[in-house]
Amino acid sequence: MSLSQADQSTNRPRYSEWIRSSNNITQQFMAIGGQSDVVSLAGGLPASELYPVEAIKQASIRALDRWGSTALEYGPVEGFPALRAAIAERMSREHRHRFGIENILLTTGAMQGLDLIGKVLIDPGDLIVAQFPTYLGALDAWRTRRPSYRKLDWNLDDPDLLGSLPRAKFVYTVPNYSNPTGALVPQNARGGLLSRVIVANTWLVEDDPYLPLQLTGAAGPSILAADAATRPEGQYDGPVIYLGTLSKSVVPGLRVGWVVAEPKVIQLLALAKQCSDLSSSMFSQAVALEFLDSGIESEIIPRIVACYRERRDALCASAEALLNEWFEWDVPPGGMFLWMRAKSPALDTNHLYSFALQEKVAFVPSSVFDPDGALTNAMRLNFTRNVPDRLEEGVRRLRRAVERYLSS
Ligand SMILES: Cc1ncc(COP(=O)(O)O)c(C=O)c1O
């Protein structure tokens, strides 16, 4: 629902201007996910039955035993130092470069990282070159800053793109198993983008929540790793601003995420964070530290990956049997989503959506992943939250919705 008509029933001062271009789609999808009679293929939620509840309980006890009242304090804006050091270590291991603690800011989920980047880099009218289609949460996070967008479709030699880059505040990309498309950006495209960003002397925001969810094959090096490899060890000072999170490999409820960037950017993001929440929950950070120290993450990730692979395959098989008359898709090599493109440009998923809700199935229409709202003939289906039988039932309902929509 668009809030553009957010009419005010009183004559009190007007709400801020950005609300006119906003929507509450994420809240709607969260609410639909809670309705047991609806098969929700809409949200981007992990399989909650795989959450390591007992291990988190033990980590919570250890956090309080070890850190006592410190775990219940306000914390340093930049994050709990012991977890910051552990994340610096993790980033150094995963991205094959020694990152210092000065390169790390702990955040309340990667979502806060996106919000802080907006506060530090975007002034009204500034240009963002964003991978297209674009993660809805990033569009939401930056809406208050009122940027303009140039869509990145990976045609890296397009003169218009090359002309845009030097004017852009930053480039935004989710190269590993993008939200919404599940696509893996090939290494040559990553390298091509990085070299153009360096020539244009701008920033590159690499949002990487799905790195742990490698379902078929490996993701390969991040753009951060490629850039860091060209720089001296120690304090990273390149143009990549990298976002990580524990939401997909542990649990989203801890709300532990982080930013890796050059120290000056980390300081400025911390300044923005100070005005936002003073510090992330120290308790969550202490629990996350104890949990990571236990090493259990490396046991649970293979289980998560095996489960999601089975669910992805189940959703693809049902779609093949029931939807392939009207839609096409690529099997995503990782992540959480299947991106279904309508074969006919006339099939409008905004309209299909209301028929789907009547059939008690939900998906995310493509328009919300377009800064202009103009992409109307695709949809995002999530495969991680439901068991295979329920996915199949969701696709059956979706087929009925398509049939009713087309005959309407
Ligand atoms: C691309 C992308 N970035 C960021 C986030 C936010 O993650 P977090 O739960 O860490 O805030 C998500 C969540 O689904 C996402 O898909």
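Helices (H or I, at least four residues) and strands (E, at least two) are DSSP runs, numbered from the N terminus. Keep that in mind as we start with Ala71, which sits in the loop between helix 2 (53-67) and helix 3 (81-94). What you're looking at is a predicted model, in which local features need pLDDT of at least 70, side-chain atom pairs count only at pLDDT 80 or more, and totals for chains, interfaces and linings use all residues. Residues are numbered from 1 along each chain as its sequence is written.

Is Ala71 buried or exposed? A residue is called buried if 20 or more other C-beta atoms lie within 10 Å of its own, exposed if 12 or fewer, and partly exposed in between, with C-beta atoms placed from the backbone. Ala71 has 22 C-beta neighbours inside 10 Å, so it counts as buried. Two residues are in contact if their C-beta atoms, again placed from the backbone, lie within 7 Å. Leaving aside residues up to four places away in sequence, Ala71 touches Ala63, Leu64, Met282, Phe283 and Ala286. There's also Ser281: it is 210 residues from Ala71 in sequence, while the two sit 8.5 Å apart in space, C-alpha to C-alpha.

Now step back to the whole chain. Its domain assignment gives domain 1 (17-52 + 299-406) and domain 2 (67-296); such bounds come from an automatic or database domain assignment. The C-alpha centres of domain 1 and domain 2 are 26 Å apart. Where they touch, 32 residues come from domain 1 and 29 residues from domain 2. On the domain 1 side, helix 1 (25-33), helix 11 (297-322) and strand 10 (337-342) each supply at least two residues, and helix 11 gives the most, with seven residues. Sorted by class, that side of domain 1 has 20 nonpolar, seven polar and five charged residues. Here Ala, Val, Leu, Ile, Met, Phe, Trp, Tyr, Cys and Pro count as nonpolar, Asp, Glu, Lys and Arg as charged, and the others, Gly among them, as polar.

Next comes the inside. A nonpolar core is a set of buried Ala, Val, Leu, Ile, Met, Phe, Trp, Tyr and Cys residues joined through C-beta atoms within 7 Å. The largest one has 117 residues, and Val171, Val259 and Val260 touch the most other members. Helix 10 (residues 282-294) gives the most to this core, with seven residues. Domain 1 and domain 2 both give residues to it, so this core lies between them.

Two of those valines lead us to strand 8 (residues 256-260). Five of its five residues are buried, so strand 8 is largely enclosed by the rest of the structure. Val256, Trp258 and Val260 point one way, and Gly257 and Val259 the other way. Not counting residues up to four places away in sequence, Val260 touches Met91, Phe99, Asn103, Ile104, Leu224, Tyr236 and Tyr242. Strands pair if DSSP finds at least two bridges between them. Strand 2 (residues 104-108) is joined to strand 8 by five bridges and runs antiparallel to it, with Thr108 opposite Val256. Strand 7 (residues 240-245) also pairs with strand 8 in the antiparallel sense, over four bridges; there, Leu243 has Val259 as its bridge partner.

Most residues other than glycine have a negative phi, and most peptide bonds are trans. Asn201 has a positive phi too, near 60°, but it is exposed, with 9 other C-beta atoms within 10 Å, whereas Arg255 is buried, with 20 C-beta neighbours inside 10 Å. As for cis peptide bonds, one joins Phe132 and Pro133, with omega about -5°, and another joins Asn179 and Pro180, with omega about 25°.

Finally, look at the ligand. Which residues come nearest to it? Of the 14 residues around the ligand, they are Gly109, Ala110, Met111, Thr245 and Ser247; a residue is near a molecule or strand if its C-beta atom, placed from the backbone, lies within 6 Å of it. Helix 4 (residues 109-121) gives the most to this shell, with three residues. By class, the shell divides into six nonpolar, seven polar and one charged.
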